[in-house]
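This report describes one structure for a reader who has not seen it before. It takes the terms first where they are needed, then the chains and some of their residues.

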Amino acid sequence: MGAFQSVHQEDNYEDLATRTGFSPEQIRNLHRRFKHLTQNGDKLRRDHFRVISDLELNPIQSQIIEAFFDKRNFQGNGRGTVSEIGFEEFLIVMSYFLPTDPNLTAEERESFRQRKLHFLFNMYDTDDDGKITVQEYRHVVQVLISQSDNLDQEEAKEIADAAMLEVASLAVVHMAPDEFYEGITFEHFVKIWKGIEIEMKMHVRFSHLETTSICK
Amino acid sequence: MYPSMSCWTRRGLLLALALGLALLVPMALSLGAAEKTRRSVGNGHGTGVTLRPDDSHGDGHGVNKTKKIFPVLTFDFAHVKIPFEISLWVLLASLMKLGFHLIPRLSSIVPESCLLIVVGLLVGGLMKLVGAAPPELQSDVFFLYLLPPIILDAGYFLPIRPFSENLGTILMFAVVGTLWNSFFIGGLLYAVCQIEGTDLKSIGLLPCFLFGSVISAVDPVAVLAVFEEIHINELLHILVFGESLLNDAVTVVLYHLFEEYSGLGMVTFLDVFLGVICFLVVSLGGVLVGAFYGLLAAFTSRFASHTRVIEPLFVFVYSYMSYLSAEVFHLSGIMALIACGAVMRPYVEANISHKSHTTTKYFLKMWSSVSETLIFIFLGVSTVAGLHSWNWTFVTVTIILCLVARVLGVMGLTFVINKFRIVKLTNKDQFIIAYGGLRGAIAFSLGYLLHPEEFPMRNMFLTTIITVVFFTVFVQGMTIRPLVDLLAVKKKQETKRSINEEIHTQFLDHLLTGIEDICGHYGHHHWKDKLNRFNKKYVKKCLIAGERSKEPQLIAFYHKMEMKQAIELVESGGGVKLPSAVPSTVSMQNIQPKKSNSERALPQISKSREEEIRKILRSNLQKTRQRLRSYNRHTLVGEPDEDGWNDLLLKRQKIMDMDKQISRMSNYLTVPAPPPESPTLSRSRLASDPQHYVPKPTLGNVPIIKVDLASPQSPEYVSVVDEFQKEAVPLKEEDEDAGGLTMKVPLGDPKKEEQEQQDGGKEQQRLMRCLSDPGPGGAEEEDEPFLP
């Protein structure tokens, strides 16, 4: 059973490798990590993330965890959230953080960039209406500021408003006084990031070597 | 015709002036020599009205009883000679710098460094013609006075984020690359020297290695001078520049090692091992010394709130002390200086006032600029002044070897480094890195330090060094710009950091740290996050004064942007036409979610009342506008912003509280808006903004925010004077203001241009988008927060 399973797993790894862009060693490592988090279970749930102590100190911890359970990130057309995910979905979400392969063609690179940006967008747009409204933006800023001790709500509001204004001015250059800017759509979002190479920034080093489980 | 005439006359004038100055120097020198003999005749200072015939006038003139006429005007140059000469040189350097930029086409073809060397050559030549001895670039003058300002400027404004991200690569290039260069050049030179036919047999192996180590170090001054003008992308810039800074440790160790033992002619393994230890000590020691002084400076600045005037001094003196302390122990002074500047910057900037910050920045830029100019001029002069011994073989072989070694080194190292980098270095990048390895004055000064007795070939070395420096600066410096264009290397992105970018970058940082934690892989982000947390928890509390120690970075950034906007607005002359990157008519009202009428019980006001209010507002706006236009230096009020952000935040809090109270009372204010605006809309807009125009139903307990602006020519500050605290101290301009309202000067809304004509540009937009500011010296802005 064990041998059969490992062969089956190897094929699986290869298949996943081609689909997600990881190398088989990286997938093996991530699988090991997955097993560690789920305590050898098959499905990952939200409370499994509590094991990671460093994550508790992260101000956007809940957003990160939610991103793993958000169907929009699974490269299907799903909407809404799930309560538990398998290894494949885990891997797909992780694949957003791969560095851009220099051997890709220009369109592949562009589509990769779009996918990364869409992932980010989904993290902001929590109610899944396709645009980031002022309240959502304010929430983000509040969360970022909340790391410090004085929770200055007014400041957060101001900063978020100013940022929205900037995006609106960039994206929709002229608006009559009566019009209302609904929220940042994905195209506007992309415009903010124009010129800033997201692929250079949004990546994590996935090691080929074995990561020991000292670091929880 | 006329403009070109004036251009020519200007240029001619400058050149004449420069030449005149150049002639003055040897004149002064020769006169100084003559002066000594005249010293005894009549004390030049007129120390007392002595007409006593018995006294012997002057020193050592014996029993001269003749009576001299009281000297009304004397010439005593000798005792101001040294400062006079130094000032003349500095003046010459500055005038040259000025002159080059008046000739537009020249500065775009030839980099400034080349021109300055040429000027130095000319001046040196002139001095030789006149007969005076042109001064050589003394090593201790260079190392102690000319080099530190440049390095401090570089270290203080070092972009920490790209530097730390590429630190591994930079260290590889700096340490391994320099070692490779030194040994390659030294070894092959020795081999060449052994060849029959050249008369270089006398040069031993160790002097060759010594020479190799001197000539192989990439020079930060030259790199800065050339790279600053070509605006390549940040990555390449930081790689080459970082390498030039960090290779100092290697150079110091190699130099001392070979200098010590070249007399003996052999180096044992023990010495090499000790050399390695020495390298670690030198580099880490330098960094520690620098960090120590940096922390001291940060700590001192915390208490400097009462003596704002000398705040910049702390920055300079502590940095210089760190450099000198490192030099005492032969540690790497450059690394100490960089560490000091980089460590102290975030804390000092949080503590010192805005003006001190500006002062520091401009002083550093000024000093480093003058230093750089002087260095290049002196290089030129020293070329003329020095004794040379030219050896064709040696020089040509050296130049070729330098180029070859550099190319091979970069290629080899990149091959290794790319295995570890996520963002690989392309061939174009490699070429630029190799081509940007310029040599400069440090090599010359190190060569100058060699003792002529121990190194009989010193003159030849110096000649070769100068030739290599000239070659790199002229040939490589001049051609790098067209090459960069030809190869279409990515240029520096001119976008300034906007608030959006800041938010997203922080978000991304946290996101990546989280992902790393989930992966279980302790990567770059994890450690950076840990350092940040440590910094916030312990270090900031110690080193930053007052409330600002707890200020989150986003808020600090936002405040900084606001300040910049305000200053920009002032500079553009009162805000009628703010130069904005993207003219847009979007404003806050478009963003705010529409509040349904049921949420606010807005009492109805009659049309007439509305008109009345509008009229009052308008008239007061005009009054304020007039006051702004007629700026009078004598009515400068005290500058509360120097008391730090504390007060500003406090005031803002108070204002907001008052706003809330007022909005409960009477929130049916309308701003004189463009006609097609419904009262509902303006009401909703105003109500949701934290700052709106406030009526003055009763005098006294209403927050009146008055801004006294500096005149457009001197945008020194925007002071927000809180009237609350002015109960006791009546403002001088209070009288004009008696019955009306005072508005806050717009901290910028470039969008509502048509409204601005009416308001005098007084939109209440404090929350405008923070755009790229085309402010003064925008290109040199390196105001990134520490560990962003």
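A residue is called buried under 20% relative accessible area, exposed over 50%, and partly exposed in between, using a 1.4 Å probe and protein chains only. This is a predicted model, in which local features need pLDDT of at least 70 and side-chain atom pairs count only at pLDDT 80 or more, while totals for chains, interfaces and linings use all residues. Residues are numbered from 1 along each chain as its sequence is written, chains are lettered from A and ligands numbered from 1 in the order in which they are written, and side-chain values use heavy atoms, with hydrogens and water left out.

## The chains

Helices (H or I, at least four residues) and strands (E, at least two) are DSSP runs, numbered from the N terminus. Contact means heavy atoms within 4.5 Å. Accessible areas come from the Shrake-Rupley method with a 1.4 Å probe, and for residues only the protein chains shown count as cover.

Chain A has 10 helices and 4 strands. Starting at the N terminus, its elements follow the order α-α-β-α-α-β-α-α-β-α-α-β-α-α. Chain B has 26 helices and 2 strands. The table sets out totals for each chain.

| Chain | Residues | Buried residues | Accessible surface | Part of surface from carbon and sulfur atoms |
|---|---|---|---|---|
| A | 216 residues | 49% | about 10200 Å² | 51% |
| B | 788 residues | 54% | about 35700 Å² | 66% |

Of the contacts in chain A with a separation of 6 or more, 54% are between residues 24 or more positions apart. In chain B the corresponding share is 80%.

F112(A) is part of helix α6 (residues 106-124) of chain A. Its relative accessibility is 9%, so F112(A) counts as buried. Leaving out residues up to four places away in sequence, F112(A) touches S95(A), L98(A), P99(A) and T100(A). From F112(A) to D101(A), 11 residues away in sequence, the C-alpha to C-alpha distance is 9.8 Å.

A67(A) sits in helix α4 (residues 61-68) of chain A. With a relative accessible area of 6%, A67(A) is buried. Which residues does A67(A) contact, apart from its neighbours within four places in sequence? They are N73(A), V93(A), F119(A) and M123(A). F119(A) is 52 residues from A67(A) along the chain, and their C-alpha atoms are separated by 8.2 Å.

## A nonpolar patch on chain B

Patches are made of residues with over 30% relative accessible area and no salt bridge; like charges are joined within 9 Å, and nonpolar side chains (Val, Leu, Ile, Met, Phe, Trp, Tyr) within 5 Å. On chain B, F269(B), V272(B), V276(B), L280(B) and L284(B) make a nonpolar surface patch of about 530 Å². F269(B) belongs to helix α11 (residues 269-302) of chain B. Is F269(B) buried or exposed? It counts as exposed, because its relative accessibility is 77%.

## Two packed helices in chain B

Two packed helices are described by the angle between their axes and the distance between the axes. Axes are lines fitted to C-alpha atoms, for helices over the stretch in contact, and angles run from 0 to 180 degrees between N-to-C directions. Helix α9 (residues 220-230) and helix α14 (residues 354-385) of chain B pack with their axes 11 Å apart, at an angle of about 110°. α9(B) is therefore roughly perpendicular to α14(B). Angles under 35 degrees count as roughly parallel, over 145 as roughly antiparallel, 65 to 115 as roughly perpendicular and the rest as oblique. On the α9(B) side the contact is made by V221(B), A222(B) and A225(B), and on the α14(B) side by E372(B), I375(B) and F376(B).

## Salt bridges

Side chains of opposite charge can pair when their charged atoms come close. A salt bridge is a side-chain nitrogen of Lys or Arg within 4 Å of a carboxyl oxygen of Asp or Glu. Over all chains, the structure holds 11 salt bridges.

One of them joins the side chains of R481(B) and E229(B), at 3.2 Å from N to O. This pair links distant parts of the chain, 252 residues apart: R481(B) is in helix α18 (residues 458-487) of chain B and E229(B) in helix α9 of chain B. E229(B) has a relative accessible area of 23%, so it is partly exposed.

Another salt bridge is formed by R406(B) and E243(B), at 3.0 Å from N to O. R406(B) is in helix α15 (residues 392-417) of chain B and E243(B) in helix α10 (residues 234-262) of chain B, so the pair ties together parts 163 residues apart in sequence. R406(B) and E243(B) are both buried.

E311(B) and R308(B) also meet in a salt bridge, at 2.7 Å from N to O, and both residues are buried. In chain A, a network of salt bridges links R45(A), D47(A) and E84(A).
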